[in-house]
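Hello,

Here is the structure I promised to pass on to you.

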Amino acid sequence: IKFFDGKDAAELKGEFEALDADDSGELDLEEVQALVVKVFGADVDPKVVTACFDQMDADGSKAVDFDEFCSFFGVKQ
């Protein structure tokens, strides 16, 4: 996703924290939906949101931590 091209881990951390509405340290499906809408626009099929979430959630925990977030966008910490 070109939305985060050129950003380093510190910049991604700010984006991650802004998306983490409940300050849990992880992103749930609704918080990832906010990211997808931000990137692709409001008319995103729920299946696209779920697919993005599933790809981000590498360990299948039903939450996306910062390591998974960086990994999804190809940014090394």
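**Around helix α2**

At the start of α2, D28 places a side-chain oxygen within 3.1 Å of the backbone nitrogen of E30. That is a polar contact, meaning a pair of N or O atoms within 3.5 Å; within protein, one must be able to donate a hydrogen and the other to accept it, and residues adjacent in sequence count only if both atoms are side-chain atoms.

Before going on, a word on what you are looking at: this is a predicted model, where local features need pLDDT of at least 70, side-chain atom pairs count only at pLDDT 80 or more, and totals for chains, interfaces and linings use all residues. Residues are numbered from 1 along each chain as its sequence is written, and side-chain values use heavy atoms, with hydrogens and water left out.

Helix α2 covers residues 29–40 and spans 16 Å from its first C-alpha to its last, close to the 16 Å expected at 1.5 Å a residue. (The expected span is 1.5 Å times one less than the number of residues; helices are DSSP runs of H or I with at least four residues, strands are runs of E with at least two, and both are numbered from the N terminus.) The buried residues of this helix are E31, V32, L35 and V36. They cover an arc of only 145° around the axis, so they sit on the same side of α2; the arc is taken from the directions from the helix axis to the C-beta atoms. Buried means under 20% relative accessible area, exposed over 50%, and partly exposed in between, with a 1.4 Å probe and protein chains only. Just after the helix, G41 has a positive phi of about 105°.

**The core and its rings**

The largest nonpolar core has 20 residues, and L12, F69 and F73 have the most contacts inside it. Such a core is a set of buried Ala, Val, Leu, Ile, Met, Phe, Trp, Tyr and Cys residues joined through side-chain atoms within 4.5 Å. Helices α1, α2, α3 and α4 each give two or more residues to this core.

F16, F66, F69, F72 and F73 form one aromatic cluster. Rings of Phe, Tyr and Trp (its six-membered ring) pair if their centres lie within 6.5 Å; planes under 30 degrees apart count as stacked, over 60 as edge-to-face and the rest as tilted. By this rule there are five aromatic pairs. The ring centres of F16 and F66 are 5.5 Å apart and their planes are at 70°, so this pair is edge-to-face. F16 belongs to helix α1 and F66 to helix α4, so the pair ties together parts 50 residues apart in sequence.

Best wishes
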